[in-house]
Amino acid sequence: MAHDTHADAGDLASFTAEVRAFLDAHAPGGTAREDKAGTFVWGKGDDRMAYFSSDPPEEEQRKLEEARAWQRTRYENGFGWITGPAQYGGRDLTPVHDMVYNAIEAEYDVPDTGVLSVVGLGMIGPTILAHARDEIKDRWLPAMYRGEAIACQLFSEPEAGSDLASVRTRAVRDGDAWVLSGQKVWTSVAHHSRLGLALTRTNPDAPKHKGITAFLVDMTLPGVEVRPLRQMTGGADFNEVFLNEVRVPDDHRLGEVDGGWTVALTTLMNERATVGGDNGGPAAAALTPERLYAVLRASWTLDDRAVRAQAAELLADVMATEHLNTRALRGMRAGVTPGPEMSVAKLMYAQNLTCAAHLVTDVFGPRAIADSGEWGTYAWSELLLATPALRILGGTEEIMKNILAERVLGLPKEPGIDTRSPFRELRRSGTGEGAA
Amino acid sequence: MTGITELSESELRELRSSVRDFLEAKSSEEAVRKVIETDLGYDPEVWSQMAEQLRLPGLIIPEEYGGDGFGQVALGAVLEETGRALLCSPFFATVVLGAQALLASGDEEACAAYLPGIADGTTTAALAVSERTGAWDPVQIETRALRRGEGDAGWELTGTKSFVIDGVSADLLLVIARTTAGPSLFAVDRGAAGLTAEPLETLDGTRRMARVRLGGTPARLVGTDGAGGRLMARILDLAVTGLAAEQTGGAELCLESATAYARTRVQFGRQIGSFQAVKHKCADMLVQLELARASAREAAVIADKGDETAFAVAASAAHVCCSRAYMFAAAENIQVHGGIGFTWEHPAHLYFRRAKSSQLLFGGPHAYHERFLERLGF
């Protein structure tokens with residue numbers, strides 16, 4: 001039943017039982033958790049309300065090791081790559097099985113494996129599978145899904161943000177290798193990564209989408225330099241990656257020479273699948289009615305009509321966003337191809353968290369801008385500072401809206417010369433002329 | 001709720017498409033414009049056909065009372081279509097409000113007396129709750145019910161009801177009035193003594209409203225004396241769930257109209273839909289529509305599962321989302337159309353009017369925010 005689009009109910013029932021048996025036996029935190037939201041008590045426990053991690057290095061390292069260990073346990077028990085082919089340690093099951101596994105695992109207390117899975121296993125793995133040579137797949141895929149090789153996405157550049165096809169990192173052929181030079185930016189987990197999927201410019205005379213080549217770069221090669229990028233929260237979850245004449249063997253090329261855009265699309269398609277489902281995370285607690293109620297009580301605004309109206313609109317959107325996910329998931333289980341629900345859910349997740357962070361800090365007033373020591377007040381400032389990122393990462397809000405308008409509503413693309421002209425003639429930021 | 005006949009996905013699709021086909025033929029823009037100029041406010045011919053050909057008035061009425069016994073999911077599918085088509089019809093007042101009020105009362109005798117007539121399309125109904133302020137608040141019910149004789153039928157009502165949907169045309173009035181035990185539900189026949197109904201001028205011509213005066217009007221108690229407060233809450237949950245489906249259908253049509261225009265209208269040498277300012281308006285409308293649809297349909301699913309607490313939350317959340325979504329879509333649709341959208345000839349204003357009237361029908365934003373928060377324990 002390899003890669004059927006959907007699974008039958010009987011098959012899912014036995015799979016579910018198998019998943020539960022595995023988690024009961026192996027989940028490090030023990031048995032299934034009770035209702036998470038129900039355990040919230042104001043003033044008790046950790047009041048951190050962050051989207052990005054702000055752990056000190058030794059704590060980050062400890063969590064990384066836990067994540068690797070848990071991924072290895074999954075892999076050894078047949079849950080490391082549920083949709084992957086058996087020859088690389090996968091289970092040959094469907095995306096629905098994957099969702100079922102994730103939904104059940106969320107009930108258990110297990111380490112967060114986002115550092116491995118969001119980019120590497122969720123996006124880069126499927127890209128390698130689709131576009132790499134067999135010996136490269138043999139070498140790297142099992143290592144990745146065993147939790148050993150973390151992978152990152154060397155895509156964005158200072159001059160190629162939303163317009164990813166404008167990458168200018170050069171790759172020049174030299175015998176049976178390529179020499180890569182350029183700068184990548186906004187690279188998550190690069191500092192932990194063994195592998196990077198790089199988009200490079202191999203033909204500046206072709207239109208921008210037709211002169212790109214993709215490479216799988218061993219991040220330990222000479223010339224690869226990873227520098228942490230400090231973002232506005234003060235933490236450094238992203239990196240700049242400098243490629244200084246890095247020699248990458250030709251067998252690590254993915255897809256055809258100048259055919260890298262097809263490779264990038266495979267990655268991006270999987271990104272949408274990953275980010276759209278992002279409704280959990282450390283900040284999810286910010287959106288529960290219990291938490292907001294407690295905040296209003298602690299800020300003496302339970303009787304404030306304007307605040308109540310904002311809270312009602314926000315919580316109705318939070319609930320509708322959950323319904324969107326529920327309905328998309330239910331549809332997929334029944335074999336229905338999802339519509340725009342996931343993209344809308346991603347937009348709304350960012351909007352809901354942004355709205356919550358502002359509402360809460362506004363009602364706390366000065367207690368949100370200076371740490372008075374009071375539990376659960378200043379703590380929200382960390383989430384507030386992360387919210388601009390939510391409207392940018394994984395596709396800016398503006399690009400997401402273009403996609404919805406063009407792909408779902410069938411509105412025409414903005415006319416432009418950038419898809420037809422040779423790349424080297426396109427205008428660059430800060431110049432009035434052609435470049436490259 | 002138990003005993004609901006469930007529809008499969010394909011049966012539901014079939015229901016939607018048969019209702020859409022019917023309404024495309026019977027509730028075209030031209031037909032809507034014609035009917036809103038009439039005194040009655042709907043086409044009785046079309047109402048009969050809805051009953052005879054599609055059996056719609058009996059859709060959610062249990063089989064024992066002459067209906068087909070479907071649930072909120074099926075009703076929602078129909079209401080999305082009537083909302084799209086701006087159908088002018090007794091359907092909302094008769095079925096969504098009237099029939100559901102009778103069913104919610106649990107009064108089997110009253111159900112047996114009135115529901116078969118509603119199911120076969122011969123009886124239309126209206127629900128008279130709000131008074132001067134338009135609020136659906138048991139505390140604000142001033143209309144009095146006095147016992148004049150023996151049994152359920154021995155009551156007389158005195159007071160003034162306002163904002164009664166289809167209050168002029170309905171054959172049967174279901175009235176909330178105060179007894180010594182508190183607010184209670186009563187049934188009043190159209191011809192009853194001391195009953196007068198006057199039409200109110202309305203912002204939205206597709207939904208008629210009336211002021212209903214009761215002066216010692218004979219009435220029949222429906223359900224338990226004093227149970228009207230609890231009943232009002234239950235009826236309102238069902239009413240806003242139905243309304244949410246209508247609003248979703250209306251918002252969907254506004255989005256379709258705006259995108260169709262944005263694809264064909266050319267200015268500055270390009271289709272205006274290629275400009276991001278216009279494109280993003282349409283994307284924002286789509287986001288609102290998706291939220292509305294998910295919240296309306298999921299509230300109906302939860303209602304049919306019979307989880308009353310979860311339904312009360314989901315229904316009040318859907319009312320918030322769908323009211324906002326429809327108003328937004330109706331306003332932005334006019335904006336995408338520009339000058340042509342502001343003309344009387346263009347249908348955009350009919351949707352704008354309907355969107356605002358739907359949003360305010362059961363009290364408006366303050367009321368629906370508070371109802372939702374109350375259900376979340378705020």
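**View 1. A cap at the start of helix H8 of chain A.** In this predicted model, A:Asp304 caps the N-terminal end of H8(A). Look for one of its side-chain oxygens, which lies 2.9 Å from the backbone nitrogen of A:Ala306.

**View 2. Helix H8 of chain A from end to end.** The helix covers residues 305-333, 29 residues in total. From its first C-alpha to its last it reaches 42 Å, close to the 42 Å expected at 1.5 Å a residue. After H8(A) comes A:Gly335, and the phi of this glycine is positive, near 85 degrees.

**View 3. Where chain B meets chain A.** Here 39 residues of chain B are in contact with 41 residues of chain A. Together the two chains bury about 3500 Å², and carbon and sulfur atoms give 67% of that area.

**View 4. A salt bridge between the chains.** The side chains of A:Glu313 and B:Arg324 come together in a salt bridge, at 2.7 Å from N to O. The count between chain B and chain A is eight salt bridges. Polar contact links 15 residue pairs across this interface, with both partners at pLDDT 80 or more.

**View 5. The side of chain B that touches chain A.** Elements of chain B that each supply at least two residues to this side include helix H7 (228-264), strand S9 (270-271) and helix H9 (308-337). The largest share, 16 residues, comes from H8(B). Sorted by class, this side of chain B has 20 nonpolar, 10 polar and nine charged residues.

How values were computed. Residues numbered from 1 in each chain as written. Chains lettered and ligands numbered in written order. Predicted model: local features only at pLDDT ≥ 70, side-chain atom pairs only at ≥ 80, totals over all residues. Heavy atoms only, no water. Contact = heavy atoms within 4.5 Å. Buried area = accessible area lost by both parts, 1.4 Å probe. Salt bridge = Lys/Arg side-chain N within 4 Å of Asp/Glu carboxyl O. Polar contact = N/O pair within 3.5 Å; in protein donor to acceptor, adjacent residues only side chain to side chain. Helix = DSSP H or I, 4+ residues; strand = E, 2+ residues; numbered from the N terminus. Nonpolar A, V, L, I, M, F, W, Y, C, P; charged D, E, K, R; others polar. Expected span 1.5 Å × (residues − 1).
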